[in-house]
Amino acid sequence: MAARNSLDLTQDPRSIVAVRVFDAPREMVFAAWTDPKHLSQWWGPDGFTTTTRAFEFKPGGVWRFVMHGPDGRDYQNRITYEEIVKPERIAYRHGGGDDVEPVSFRVTVAFEDLGGKTRLTMRMDFPTAAERDRVIAEYGADKGLVQTLGRLAGHLTAMRTGGEFVITRVFDAPRELVWQAFTKAEHLKHWWGPKGFKMLSCKLDLRPGGVFHYGMQAPNGGEMWGKWVFREIVEPERLIFVISFSDEQGGMTRHPASPDWPLEMLGTTTFAEQGGKTLLTTRTAAFNATEEERMIFEAGFDSMRKGFTGTWDQLTEYLAKARRG
């Protein structure tokens, strides 16, 4: 999704101001802020997930949520909505109370219609310049805000295309190493799959038309097989592949627990350099699917996010060991 970005720390020493243009209509961008089902898909910096405890989108209403960091730490948060003018503006206060993170600020989010696109301006106002600088230093609020709006862009793409699952994570490893972890069987067999699963077989033929075929054993002893058929390989930037469940012989099968799951899915994984680290973005969409299969696929996003989060945790651990030698 095309977007133009800016981050301003100079307008006021007590403020952080971010501006981003989204290739989506204003009503859609506004809607992404109004429902926890949307918010859970994009809220927070790269690698974070969000669990909503309570949500009431109205003036005086409260959104209580937990942000789960990629390091395993949980961050308790509270937002109290002060003003809602659909679809133009949202104002809220973050923080308050001893049971949440010690960070308090006021936010104004403005949505400007650009004829099918939307300019979003998000302004965070802190009590003092020193408090703003503390939150930037301790929480990375400036970089986190840019990453959060980047995740919103990905979610808006999913809203427009009708159900694309998107998950991102920043890995503390150079792009070449993360690429190798995805494209060599001797690496994949050590981390691929949900937590608690044991790899039984891992075969990889990395070329357009080639196949990654693998088998895993679940904690309950059951077996699960899957495969990717590669469509595009751009080293070290991008992999595009068709995903399906499989059997030991490499055939295509239905989801073992959901017969109405799409028979095929299209996956795109991109690897972006970030100053010695790597931003990994994985997008998955139902492929050659019926309307019923697409609905089942979209209903499974929460489960998919949990599975991918566990898999990325294992990749994080594997990359750390690889870097230590």
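I count a residue as buried under 20% relative accessible area, exposed over 50%, and partly exposed in between, with a 1.4 Å probe and protein chains only. This is a predicted model, where local features need pLDDT of at least 70, side-chain atom pairs count only at pLDDT 80 or more, and totals for chains, interfaces and linings use all residues. Residues are numbered from 1 along each chain as its sequence is written, and side-chain values use heavy atoms, without hydrogens or water.

**Helix α3**

I took helices (H or I, at least four residues) and strands (E, at least two) as DSSP runs, numbered from the N terminus. In α3 (residues 129-139), I found E131, R132, V135 and I136 buried. They sit on the same side of α3, because they cover an arc of only 140° around the axis; the arc uses directions from the helix axis to the C-beta atoms. On the face turned away from that buried side I noted the exposed A130, A137 and E138. Just after α3, G140 has a positive phi of about 65°.

**Strand β2**

I next checked β2 (residues 15-22): seven of its eight residues are buried. β2 pairs with β8 (residues 118-125) in the antiparallel sense, over eight bridges. Pairing requires at least two DSSP bridges between the strands. For F22, I read T118 in β8 as the bridge partner.

**Lining of the largest cavity**

A cavity is a set of points on a 1 Å grid over the protein atoms alone where a 1.4 Å probe fits but cannot get out; lining residues have an atom within 4 Å of a point. I listed the lining of the largest cavity, including R151, R305 and W312.

Note on methods: On a 1 Å grid over the protein atoms alone, a cavity is a set of points where a 1.4 Å probe fits but cannot get out, and a pocket is an open set with protein on both sides within 12 Å along at least five of seven lines; lining residues have an atom within 4 Å of a point.
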